[in-house]
Amino acid sequence: TGADSLHGIGQAARLASLEGLSTQDLNGRPLPRLAERWSESPDGLTWTIQLRTSAVFHDGSPVDAEAVKRSLDRFLTSDASRFSPGLQDISSIEASGTYALTIRLRQRSSLLLDDLDSPITKLDSAGAVIGTGPFVVTSTSATELHMAAFPRYYRGIPAIDHLVWRLYPTVRTAWAATMRGEVDFLYEVGPES
């Protein structure tokens with residue numbers, strides 16, 4: 001349903017509108033995303049993350065070190081952080097420059113870069129989440145969620161300009177819509193189908 005942010009429409013919207021400092025390649029190795037690059041101290045306890053200067057939040061504000069620090073601090077105090085063991089080793093986060101972040105660890109962590117894929121977000125004055133991804137939610141209803149391409153996306157404007165995520169009451173109606181050419185992609189269809 002659309003009410004669950006971890007499944008269905010909510011999850012699809014998060015995947016298209018939120019992103020982290022890192023992502024993984026096809027072999028599962030970490031790649032920079034909002035981070036441009038990173039370096040590790042010889043003892044493995046201090047990481048310096050250089051952020052992309054061209055990245056902005058959907059409200060136009062920069063994805064700078066202070067904003068990323070606030071986002072990571074918020075994430076570390078949330079329930080979701082328990083699923084990110086690499087972040088549990090963080091002892092401190094410091095904005096060491098306008099676009100440089102220093103992360104200090106209690107112990108070496110082979111999972112840190114993997115878990116830096118946690119979404120970097122900010123909150124507006126009403127507490128709504130603002131992301132950095134290629135798409136922005138433009139409207140929602142009980143059965144649909146509309147997204148538009150973010151024109152200032154640092155990796156370039158997406159080739160698809162508009163997404164519509166639609167809930168279907170049954171798998172059968174979703175398949176029927178697909179067969180009629182009304183649906184380009186089915187998401188979270190059970191294995192029995």
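Q: What volume does the largest pocket have?
A: This is a predicted model, in which local features need pLDDT of at least 70 and side-chain atom pairs count only at pLDDT 80 or more, while totals for chains, interfaces and linings use all residues. Residues are numbered from 1 along each chain as its sequence is written, and side-chain values use heavy atoms, with hydrogens and water left out. A pocket is an open set of points on a 1 Å grid over the protein atoms alone, where a 1.4 Å probe fits and protein lies on both sides within 12 Å along at least five of seven lines. With volume taken as the space filled by probe spheres set on points joined across faces, edges and corners, the largest pocket comes to about 1,200 Å³.

Q: Which residues that line the largest pocket are the closest to its centre?
A: Lining residues are those with an atom within 4 Å of a point, and the largest pocket has 35 of them. Those closest to the centre are Arg-14, Leu-15, Leu-18, Ser-118 and Pro-119.

Q: Which element gives the largest share of the lining of the largest pocket?
A: Helices (H or I, at least four residues) and strands (E, at least two) are DSSP runs numbered from the N terminus. On that basis α1 (8–17), β1 (22–24), α2 (65–76), β8 (129–130) and β9 (135–140) each supply at least two lining residues. The largest share, 4 residues, comes from α1.

Q: Is Pro-119 buried, partly exposed or exposed?
A: Pro-119 sits in the loop between α3 (112–115) and β7 (122–123). Beyond its neighbours within four places in sequence, Pro-119 is in contact (heavy atoms within 4.5 Å) with Arg-14, Leu-18, Glu-19, Gly-20 and Ser-71. Buried means under 20% relative accessible area and exposed over 50%, with partly exposed in between (1.4 Å probe, protein chains only). Because its relative accessible area is 22%, Pro-119 is partly exposed.
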